[in-house]
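Here is a short tour of a two-chain model. Keep the picture open while you read.

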Amino acid sequence: MNGAYIRFRIMAWVAGIMSLILWFVDIPVKYFLNVPFLEDKIDWIPIVHGYQYPFYIITVIELAYRLKWDVIKIVKFILAGTLPVASFLAEKKVRASLNPSN
Amino acid sequence: MSRKIGFAILLFIFAATFVRLGIWQLDRAQLVQEISKPVADKAEVAIETLIKPRISIPDNAKGRLVSATGSYERILQAPNQSSGENSVRENWQVGILKLNNGAGVLVVRGVGDSTPPNQLIEVRGRLFPSQIEDRAVGANLASEISRLDSTVLLSRVNFDLYDGYVIVISEKPDSQIERVPALQIVVKAAGFYWQHISYVVIWWLMALLVLCMPLFKRRSE
């Protein structure tokens with residue numbers, strides 16, 4: 001259980017940070033700002049974001065299986081990995097449920 | 001029982017949709033790969049045989065290697081231009097080459113002040129579509145052109161002009177001027193190959209998860 005939680009926690013942070021970079025760096029530079037020299041330097045962002053997300057999903061599924069979550073909760077946690085900040089909140093929620101005293 | 005069948009059909013529809021979305025992303029990845037492949041140049045042609053004056057350049061003429069023979073009617077400066085190879089802004093020397101058929105074409109000669117000889121000149125270069133946005137706002141109309149677009153010059157010449165402009169690769173007789181790279185036109189497709197492949201992984205993983213949902217449902221009950 002502890003290992004699954006740690007894996008989820010790491011991936012929730014990675015997914016959250018990558019979503020923030022994607023939404024607030026990659027998308028503005030590519031679609032709203034006219035800075036062609038910067039566009040080439042940020043090509044890696046959507047690629048890294050695309051590959052870390054399946055790992056995030058796998059950690060959610062592992063945790064969900066161990067904690068016996070219902071389907072709706074699983075879907076919510078999977079979608080949390082696509083929105084900035086949402087995965088941080090998801091991680092906080094899991095931490096609170098595992099350590100009610102904190 | 002009917003509820004179970006309905007649930008199974010719903011899961012199947014979701015899984016099939018996710019698989020189809022994965023295939024769509026796979027197609028897009030292949031498309032991006034195809035578009036980014038370098039394409040060999042077609043044979044050089046005389047510009048008069050490829051396009052007509054006062055008519056927009058057709059798509060199949062954009063980026064073609066062309067030749068033109070005529071004499072320079074006027075030399076202008078096009079400030080704040082860049083070749084796309086780097087982001088350095090330069091002042092390009094642009095000539096209006098009047099061809100034997102009486103029409104003129106905008107020709108980017110290079111960077112610098114080297115004046116072309118006052119005689120018949122044979123130009124080889126690559127044809128590009130007109131620029132849409134001004135590169136130099138408030139350009140001096142007598143000696144400058146705000147963007148590489150023949151429509152900007154219509155009121156300044158008394159002959160027809162071809163649409164677009166040619167970046168010179170060579171001139172005969174040659175003059176010592178620093179040339180601007182006449183690079184092939186690159187068609188940019190949205191996204192990258194490996195980015196689309198990552199979406200394929202995500203969609204197919206989603207399809208797999210949907211098919212495993214009954215397992216999670218049973219476990220949570």
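Helices (H or I, at least four residues) and strands (E, at least two) are DSSP runs, numbered from the N terminus. This is a predicted model: local features need pLDDT of at least 70, side-chain atom pairs count only at pLDDT 80 or more, and totals for chains, interfaces and linings use all residues. Residues are numbered from 1 along each chain as its sequence is written, and chains are lettered from A in the order in which they are written.

**Two loop residues of chain A**

Lys68(A) sits in the loop between H3 and helix H4 (71-80) of chain A. Val85(A) lies in the loop between H4 and helix H5 (86-98) of chain A. A residue is exposed if 12 or fewer other C-beta atoms, placed from the backbone, lie within 10 Å of its own, buried if 20 or more do, and partly exposed in between.

| Residue | Phi | C-beta neighbours within 10 Å | Class |
|---|---|---|---|
| Val85(A) | near 75 degrees | 12 C-beta atoms | exposed |

**A helix pair in chain A**

Helix H1 (residues 2-32) of chain A packs on helix H3 (residues 44-67) of chain A at about 150 degrees, and their axes are 8 Å apart. Axes are lines fitted to C-alpha atoms, for helices over the stretch in contact, and angles run from 0 to 180 degrees between N-to-C directions. H1(A) and H3(A) are therefore roughly antiparallel (angles over 145 degrees).

Pro46(A) belongs to helix H3 of chain A. Is Pro46(A) buried or exposed? Pro46(A) is buried, because 22 other C-beta atoms lie within 10 Å. Leaving out residues up to four places away in sequence, Pro46(A) touches Leu22(A), Asp26(A) and Gln195(B). Contact here means C-beta atoms, placed from the backbone, within 7 Å. Pro46(A) and Ser19(A) are 27 residues apart in sequence, but their C-alpha atoms are 9.3 Å apart in space.

**Over to chain B**

The contact between the chains takes 18 residues from chain A and 15 residues from chain B.

Helix H1 (residues 2-35) of chain B has 34 residues, so at 1.5 Å a residue it should span 50 Å; its end C-alpha atoms are 49 Å apart, which agrees. The expected span is 1.5 Å times one less than the number of residues. Buried in H1(B) are Phe18(B), Gly22(B), Gln25(B) and Ala29(B). The buried residues of H1(B) pack against helix H3 (193-220) of chain B.

Technical notes. Parallel < 35°, antiparallel > 145°, perpendicular 65-115°, else oblique. Contact = placed C-beta atoms within 7 Å.
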